[in-house]
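Hello,

Please find the structure below, as discussed. My notes on it follow.

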Amino acid sequence: MKSKGLRLSYLILLFCFVFLSRSTAQDVPAKNRSKPFSFPLQLEMRVPFGPTAFPNGSNFYLIYELYLTNFGASPIHLKRMELLNGDRSGNAPLLSSDSLELKTMVRILGNNNLKEALNIEAGQSAVVYIEAKTSNKTGFPNNIIHRIITSTDSLDGAAINTHTTKIQTLKPPVSGSDWIAADGPGNSIDNHHRRGNIILSGHTVNSRRFAIDWKKVKDSVSFSGDASNVHSYFCYGEKIFAVADGTIISATDGLPDNIPGHGKAFHPAMPLTFEKLPGNNIVIDLGDGHYAHYMHMQPGSLHVKKGDRVRKGQLLGNIGNSGDAREPHLHFEVTTSAKLLYGEGIPYIIDHYQLGYQNGFDEVHHNELPKEKQIVDFGNARGR
């Protein structure tokens, strides 16, 4: 009997303790209750190669890529991205892109489904192709911070400088009028240069970030007559010039022109290898770790060889259709490496050109970089 009484007393005390504990917990205000521990948003943010602001018209532009990797176990849904002044806090964002705009800017690696463009699954990575602009009267701050806003959280990170490389002033690589800056600097979703990221030697690189395919156009078309004949294209055989004083690092000639053709109609004149992608080409060392690449030149047209010193405006050769070229054009880019595709594409400015078209080339520009689809008159490349 005594032991039964002790057990009953113990059960009564236990019940009272549980009841009082629950009553006490319910009496604690919600704001004072401790929250379960959790890590911040597990999103890696990085810019593999910092941008440099360049002028065009009344604005300065920044063109670069932001890489995002989801290190968490749950999907991350992107809602907004903002660029913030890293030199000053509390100001309005320099750029604010909502989900609709982000859909044209984000590429989920390994997933080309545009409907899922803003969902980064666990362990997945994405590239955000950024083009920011500001008035040339105000310019960009020296430093920028990125803010990623998701459906549940936000994160600030990936601080960058806006003047990573030196801007060189160059002469135009071609002369005359009616040149279109095809797939030139910009952020169009169908710009194959802009989205030219590849992995080489284990590193992400985009040598084509500021590349331009210079073609001649008349009434918005690049040829007249037989589309399969290189001589039907307005730019075929046009002269190519040195954009600055420098040394020829490499010069390749002797590769045949392709028969023009796009899509399934493209059949290269010879099997393409990595080395043959640029076709007949020239690379000039511009100094300061900058290299000018000229690609797809006409076979037998090169006037220079490796080791030659050239002067700005000097004739180098002619436009052709060799290598990985669907139709005649000059692929021109400035990068940080003499090796094909291994350098980072960097901006530069051209000393003088004119814009226009419908009303004639009456818009004069000095020391600016043409952007995608602008139609340019360079005048006489060697006459200035």
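The charged end of Lys218 is placed over the ring of Phe234, 4.9 Å from the ring's centre. Note that this is a predicted model. A second case of this kind is Arg326, which lies over the face of Phe266 at 4.0 Å from the ring centre.

The structure holds 8 aromatic pairs. One of them is Tyr294 with Phe332, an edge-to-face pair with 5.1 Å between centres and 70° between the planes. Tyr294 belongs to strand β19 (residues 290-297) and Phe332 to strand β22 (residues 330-335), so this pair ties together parts that are 38 residues apart in sequence. Tyr294 is buried at 0% relative accessibility, and Phe332 is buried at 1%.

Phe332 also pairs with Tyr348: the ring centres are 5.8 Å apart and the planes stand at 85°, so this pair is edge-to-face. Tyr348 lies in the loop between β22 and β23 (349-357), so its pair with Phe332 in β22 ties together parts 16 residues apart in sequence. Tyr348 is buried, at 2% relative accessibility.

Elsewhere, Phe54, Tyr61 and Phe210 form one aromatic cluster. Phe54 is also among the contacts of Asn59, together with Lys133, Thr134, Ser135 and Asn136, leaving aside neighbours within four places in sequence. Asn59 is in strand β3 (residues 59-70) and is buried, because its relative accessible area is 16%, under the 20% cut-off.

Ile145, in strand β9 (residues 143-150), is partly exposed at 26% relative accessibility. Ile145 and Ala158 are 13 residues apart in sequence, with their C-alpha atoms 6.0 Å apart in space.

Regards

Methods: Residues are numbered from 1 along each chain as its sequence is written. This is a predicted model: local features need pLDDT of at least 70, side-chain atom pairs count only at pLDDT 80 or more; totals for chains, interfaces and linings use all residues. Side-chain values use heavy atoms; hydrogens and water are left out. Helices (H or I, at least four residues) and strands (E, at least two) are DSSP runs, numbered from the N terminus. Buried means under 20% relative accessible area, exposed over 50%, partly exposed in between (1.4 Å probe, protein chains only). Contact means heavy atoms within 4.5 Å. Rings of Phe, Tyr and Trp (its six-membered ring) pair if their centres lie within 6.5 Å; planes under 30 degrees apart count as stacked, over 60 as edge-to-face and the rest as tilted. A charge sits over a ring if NZ of Lys or CZ of Arg is within 6 Å of the ring centre and within 35 degrees of the ring normal.
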